[in-house]
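Me: Please take a close look at one part of this structure and describe it for someone who has not seen it before. Keep to a single stretch and connect the details.

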Amino acid sequence: MKLRVMLIDDNRGRAALLQQALRDANYEVVAILHDDADIIKRVQETTVDVILIDLESPDRDTLEYLSTLNRESPKPIVMFAENDDSTIIQAAIKAGVSAYVVDGLSYKRLKPIMKVAIARFREYQAMRAELDKTRNQLAERKVIERAKGILMKQKGMDEASAYHALRKMAMDRNLRLAEVAESVITVTQLLE
Amino acid sequence: LEKTQLTLGFIPLTDCAPLVVAKEGGFFAQQGLAVTLSREPSWANIRDKVLFGQLDGAQMLASMPLATTLGINGIAKPTITAFNLDLNGNAITVSNALYQRLLAADPVAMQTHPVSAQALKKVIDADKAAGKECMTCMTFAVVFPVSTHNYALRYWMAAAGIHPDKDVRLVVVPPPKMVTQLQAGNIHGYCVGEPWNSQAVKLGIGQVLITNYEIWNNMPEKVLGVNQEWAESHPQTHQAMLRALLAACQWLDQPENRLTAAQWLAQPHYVGASLEVMKMSMLGTFQYHPDQQPQPFADFNVFHRYAANFPWRSQAAWFLSQMLRWGDIDTAIDIRAVAQQVYRPDLYRQAAAALGIASPQLDEKPEGIQATTWTLTAATQPITMGADQFLDGNSYDPQHLVDYLAGFTIHRRSVALADLKKANTN
């Protein structure tokens, strides 16, 4: 299946050139957005595999926001610049915006660069998902431990029954264990 | 000086004025600096270019050096500010259609100034009752995720019981595109700096509900942000830059100089808006509605008086409190330690002393206390300060940051208060 590309560029002439280059490289250009478009709606509603944007576009801020919103289904963003600016390339890649900068108008290099960008993006996403998971688990475990400690101290429970009490509260209220633990801690703080 | 040829970044907004005045008015040159001002298309560009040293420094949102230091939505790199460029200057504008709905929903609330979000709350509730999903039917825009505008707009909404993450949809739109997006109906309202509120009023497209001055009197807005590394390797250059900006701000704060400044700013390579629109907020007045006369509003944009250029660490901590409130920060940070690292009043005082300008001797001050101007005596000479009230009458005590955070019933906090308390024991 062809990769679907969304192109964001206020410069209409250049956008036309890029579109041709993308087609020649066997990509499907599903949308070209100029400065008057409802970029937010289009990005959210259009199914695309990769977004190609001018580094100098003011819409970068909008795209960055969208990528933080759609943590579950982020899209790789490839940035292109007229000048091959290696430090910005570094910045973009390290920022994990999945970004990569095409040096302006050498369209022949478009395909390998897009490929690398998408691969990097997937790697980064996998890494971040793993990191988020670990971090959440760790944080939740800490909260649960603390709530257990409170119950043990205040109600004279042993560790196992404190855990059972928390689990029962969670089940009764249809909440996650960590949420119940958090409310136990909050209530205790209020009473202190 | 370690370096005399500098490139500083700015965004086309009225409050890039201190940089433009320092250049056009010869204040940089007076300090031996040859400065190129680079107009940048996005805040992300500003952040990345300062981060990687393509810019020596830049106009930044007051919250940005904090966000960049913490690595929110990007790379973490220590960034500092020793200079606040201005206070206030933003407003919340809505489309004519939404304005009519607000008037109909709660005419009394709309006549009471400052205008609360109570009418908006009623409109949202009515939409919900009619089965409409407000997350898609009510869209407001800000200019950057971790922006002063974002936190002001959220504060205003939440004060009226609106949850900005559940009851409306918040999006990011670059400032120069706000007016066209509002006109196209893609967004229903926005919070932005000038001239993009006046532009909507001038064209008869939008109505201003409230300025950020009325949300938090004399709220810090833009700062001069530089890399910590850069500041450490260019201490003399940094001081020269601060002296030039201080002198420029002092000049800019004189009403008789504002017209000249507006003329410089209107040029296409700076803000690129018509002089007529630039004048609407630069000459001591502000116009809320297309069919209304401009209102006197001397403090709409403050560039120097009230110790406006001083980087209060307590105000940095306030921004951090809002980042925690809305889940932008997801770890239990030591709020004060971050504020101390990023906001550098020590460097400001050095520059002010060299020019014989009075500076505060404290790094922190409470907010939400003063209803009118007052005198700060803990200063090298007494300083007349501005009001500092919040629209909901709340007060902010930088000594009790976690309690302040705990007081917000509407929030999207992702760090447990208990963990924050532990990290903020000092």
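**A strand pair and its helix**

Reply: In chain B, B:Ala141 stands opposite B:Val171 of strand S8(B). This is a predicted model, in which local features need pLDDT of at least 70 and side-chain atom pairs count only at pLDDT 80 or more, while totals for chains, interfaces and linings use all residues. Residues are numbered from 1 along each chain as its sequence is written, chains are lettered from A and ligands numbered from 1 in the order in which they are written, and side-chain values use heavy atoms, leaving out hydrogens and water.

Strand S7 (residues 139–142) of chain B pairs with S8(B) in the parallel sense, over four bridges. (Strands, of at least two residues (E), and helices, of at least four (H or I), are DSSP runs numbered from the N terminus; two strands pair if DSSP finds at least two bridges between them.)

S8(B) covers residues 169–172. From this strand B:Arg169 and B:Val171 point one way, B:Leu170 and B:Val172 the other, and all are buried (under 20% relative accessible area, with a 1.4 Å probe and protein chains only). In a regular strand the side chains alternate between the two faces of the sheet.

H9(B) is mostly covered, with 11 of its 12 residues buried, including B:Tyr151, B:Arg154 and B:Trp156. After H9(B) comes B:Gly161, which has a positive phi near 90 degrees.

Conventions:
Buried means under 20% relative accessible area, exposed over 50%, partly exposed in between (1.4 Å probe, protein chains only).
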